[in-house]
Amino acid sequence: AASLIKSCNTSFVQLGQRLGNDLLREYAGKLGIRTELQAGSPPALLGNTSIGQEGVLVSPLQIANLYATLARGGIYLPWRIVAEIRNYQGDVIQEYHQQLPQRVLQEETCRVINQILLETARNGSGRMAWLEEGGSAGKTGTAQANDSNRVIAWYAGFAPADKPRLAIAVMVEENKAGDNTRLRGGETAAPIFREIAEQLLD
């Protein structure tokens, strides 16, 4: 729990090594996240994948859906952006049906993780995302970009903490001054999460 609250990468590298390539890839896939892990991938790739770096590319929508899955107690609902396409006459020419929800995590597992995420927002690295009314649960992230010294600040979670209505992912590529080298998830992205959540829940 302390590793998640304080955002300690070393613990997650060790956990990834214990899980192994196949199991980590399997669970990532269940949550809609693709990795470059293979059965014979070297330990360095497994370690980096365990903290979401090398071999892991995700969009804010994928991360928001991951937190929505946790908020639903382990029920994964594949996201979609487009429901249907219509022609000029208004006729439906193509539909994209909503896929059925499926359980990918045990409810008790999600309960434990969500409690830790709540503590992370209340007392840990995500304090600036905490909502005074209803609380929130989430996690910071600071990802390396392709360019030298360039980072991307993340904060993602759900709110309210006890009866979630929103899953939000914030990704910041640069600050107002145009700086993209000193961004931090807890300082840069977390306050934006709080502002969005407060406005939508007001």
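Me: How many salt bridges are there, and what makes a pair count as one?
Reply: The count comes to six. A salt bridge here is a side-chain nitrogen of Lys or Arg within 4 Å of a carboxyl oxygen of Asp or Glu. This is a predicted model, where local features need pLDDT of at least 70 and side-chain atom pairs count only at pLDDT 80 or more, while totals for chains, interfaces and linings use all residues. Residues are numbered from 1 along each chain as its sequence is written, and side-chain values use heavy atoms, with hydrogens and water left out.

Me: Why is the pair Asp22 and Arg25 called a salt bridge?
Reply: Their closest N and O atoms are 3.4 Å apart, and the limit is 4 Å, so the pair qualifies. Both residues lie in helix 2, three residues apart, about one turn of the helix. Helices are DSSP runs of H or I with at least four residues, strands are runs of E with at least two, and both are numbered from the N terminus.

Me: Which other pairs meet the salt-bridge rule?
Reply: Among them are Glu26 with Lys30, whose closest N and O atoms are 3.4 Å apart, and Arg111 with Glu108, at 2.7 Å from N to O. Glu26 and Lys30 are four residues apart in helix 2, so about one helical turn separates them. Glu26, at 39%, is partly exposed, and so is Lys30, at 32%. Arg111 and Glu108 lie three residues apart in helix 5 (residues 107-123), and Glu108 is partly exposed at 45%.

Me: What makes helix 2 and helix 3 roughly perpendicular?
Reply: Their axes come within 8 Å and cross at roughly 110°. Angles of 65 to 115 degrees count as roughly perpendicular, under 35 as roughly parallel, over 145 as roughly antiparallel and the rest as oblique, so this pair is roughly perpendicular. Axes are lines fitted to C-alpha atoms, for helices over the stretch in contact, and angles run from 0 to 180 degrees between N-to-C directions.

Me: Which residues make that contact?
Reply: On helix 2 they include Phe12, Gly16 and Leu24, and on helix 3 they include Pro43, Leu46 and Ser50. Contact means heavy atoms within 4.5 Å. The buried residues of helix 3 (residues 43-50) are Leu45, Leu46, Gly47, Thr49 and Ser50, and they pack against helix 2.

Me: How do you know that strand 6 is mostly covered?
Reply: Nine of the nine residues in strand 6 (residues 151-159) are buried. Val151, Ala153, Tyr155, Gly157 and Ala159 point one way, while Ile152, Trp154, Ala156 and Phe158 point the other way.

Me: What makes strand 6 a partner of strand 5 and of strand 7?
Reply: Two strands pair if DSSP finds at least two bridges between them. Strand 5 (residues 137-144) and strand 6 have eight bridges, and seven join strand 6 to strand 7 (residues 166-172), so both pairs qualify. Strand 6 runs antiparallel to strand 5 and also to strand 7. Ala143 stands opposite Ile152, and Ala156 opposite Ala169. A hairpin joins strand 6 to strand 7 through six residues.

Technical notes: Buried means under 20% relative accessible area, exposed over 50%, partly exposed in between (1.4 Å probe, protein chains only).
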